[in-house]
Amino acid sequence: MAALHGVLVTVLVVAAALLVPCDAAETCAGAVPARSRPEVVSITEFGGVGDGRTVNTWAFHKAVYRIQHQRRRGGTTLLVPAGTWLTGSFNLTSHMTLFLARGAVLKATQDTRSWPLVEPLPSYGRGRELPGARHTSFIHGDGLSDVVITGDKGVIDGQGDVWWNMWRRRTLQHTRPNLLEFMHSSGIHISNIVLKNSPFWNIHPVYCENVVITNMIIVAPHDSPNTDGVDPDSSTNVCIEDSYISTGDDLVAIKSGWDEYGIAYGRPSSGITIRRVRGSSPFSGIAIGSEASGGVSNVLVEDCNIFNSGYGIQIKTNVGRGGYIRNITINNVRMNNIRNGLRIAGDVGDHPDEHFNQLALPTVDAVSIKNVWGVNVQQPGSLEGIRNSPFTRICLSNVKLFGWRNAAWKCRDVHGAALGVQPGPCAELTTSLSSGFCSY
């Protein structure tokens, strides 16, 4: 009992610390604080056993059911103490905190045959990998509000290798599960834990608003397929800060639906802040797209550090996507050992089916990239738009990417301006910044 009391004190101390803003650096994390709850219950009270062998799916279902139906004023914290807690997928409920104590490892079972299925997202029209239904995420929430997932550096381990091997062998029957997914939800806070070995994308807020993801460590092997770090999707007011991500795909990728399904659903992503994120990936550090058919706007990326990666910053779309990508600000990004520093491309990404509209041309407009410094960069950048929909107002200022001798920018179907760019920019970006549409 004394040990449990000590853990409960830790829960309260850590929760209180997460409420204190850092005065030294600008932050958006206070938009959805990790609020303290008046009641704390332990998974052990519902029969949970943290021995790494007992399957605790029923214990988690019982715990969430109790929190949902008792409706304590101010909500309830579900404590996962130190130990290895094996479980299948489970849903969360509103007004709850899932708290992983130091030494706690929440581990997904590898029973792929009995993993639940859910309907495809309407803005995708099918599973992202395969037609039809998709596997539900390991931890899931739909239609929720006021949910916190936090801890004292506890771990959520998706044990994704069995899923990765199925992908490699082409034996998947349905799209793999994300590690954490929230749908149609608001007031979501995720912080101070470690995510590892996700079967597919790690954190996927879709059709959500007011989401904070901060002080996270997200890791997976570089050869793990499609293990994106954080993918805000058709969501607004999302804050991603102060996190380390090293995975097998994009560290952060902003999305908003896929071709004709995303166009029809029509829900954009906007108000996205990515700040003080560092990490490495064989693909992109920070990406927008390529599934951006509902539109992406008002994105701020600043004070990030990308290393040992394929692309530093990548904005990607394709014919058939439709939608728009506009009002993007990228400021103060450092890169080291990057294959391609900046890429804005209009020929990236596959299609859900043959019914996409080839006349649905995306627009890319008002992209400001400034104060970017890179070393050991093989190719400074490629800015290649679409012939019948050129990318416009692409503005570079103080962008210096050093690497291979004689490396040059590649540009076509793009208009914009450049100042203080090394190596020297391509002719399409020689307009003076004082021309009106590029002001710094």
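How many aromatic pairs does the count come to?

Modeller: The count comes to 8 aromatic pairs, where rings of Phe, Tyr and Trp (its six-membered ring) pair if their centres lie within 6.5 Å, with planes under 30 degrees apart called stacked, over 60 edge-to-face and the rest tilted. Please keep in mind that this is a predicted model, in which local features need pLDDT of at least 70 and side-chain atom pairs count only at pLDDT 80 or more, while totals for chains, interfaces and linings use all residues. Residues are numbered from 1 along each chain as its sequence is written, and side-chain values use heavy atoms, leaving out hydrogens and water.

One of these pairs is formed by Trp 115 and Trp 163, whose ring centres are 5.8 Å apart and whose planes stand at 85°, so the pair is edge-to-face. This pair links distant parts of the chain, since Trp 115 lies in the loop between β7 (104–108) and β8 (117–118) while Trp 163 belongs to helix α3 (residues 161–169), 48 residues apart. Helices (H or I, at least four residues) and strands (E, at least two) are DSSP runs, numbered from the N terminus. Both Trp 115 and Trp 163 are buried, where buried means under 20% relative accessible area, exposed over 50% and partly exposed in between (1.4 Å probe, protein chains only).

Another pair is made by Tyr 207 and Tyr 265, with 4.8 Å from centre to centre and 40° between the planes, and this one is tilted. It too links distant parts of the chain, for Tyr 207 sits in the loop between β16 and β17 (209–214) and Tyr 265 in helix α4 (residues 259–265), 58 residues apart. The two tyrosines can be described by their accessibility: Tyr 207 has a relative accessible area of 1% and is buried, whereas Tyr 265 has a relative accessible area of 31% and is partly exposed.

Returning to the tryptophans, Trp 115 and Trp 163 also belong to one aromatic cluster together with Phe 60, Phe 90 and Phe 138. Of these, Phe 90 leads on to a sheet, because strand β5 covers residues 90–91 and stands at an edge of that sheet. The sheet is open and has 4 strands in the order β5-β10-β13-β16, with parallel pairing; two strands pair if DSSP finds at least two bridges between them. At the edges stand β5 and β16 (203–206), each with a single partner strand, so one side of each is left without a neighbour in the sheet. Between β5 and strand β10 (residues 139–142), which run parallel, there are 2 bridges, and Asn 91 has His 140 in β10 as its bridge partner.

Cys 28 lies in the loop between α1 (2–19) and β1 (39–42), and Cys 239 in strand β19 (residues 236–246), so the pair ties together parts that are 211 residues apart in sequence. Cys 28 and Cys 239 are both buried.

In the other disulfide Cys 411 is joined to Cys 426, with 1.8 Å from S to S, and with -60° about the S-S bond this link is left-handed. Here Cys 411 lies in strand β27 (residues 410–412) and Cys 426 in the segment after β28 (414–422), so the pair ties together parts that are 15 residues apart in sequence. Cys 411 and Cys 426 are likewise both buried.

With 0% relative accessibility, Cys 208 counts as buried. Cys 304 is in no disulfide either, the nearest cysteine sulfur being that of Cys 28, 11 Å away. With 2% relative accessibility, Cys 304 also counts as buried.

Technical notes:
A disulfide is a pair of cysteine sulfur atoms within 2.5 Å.
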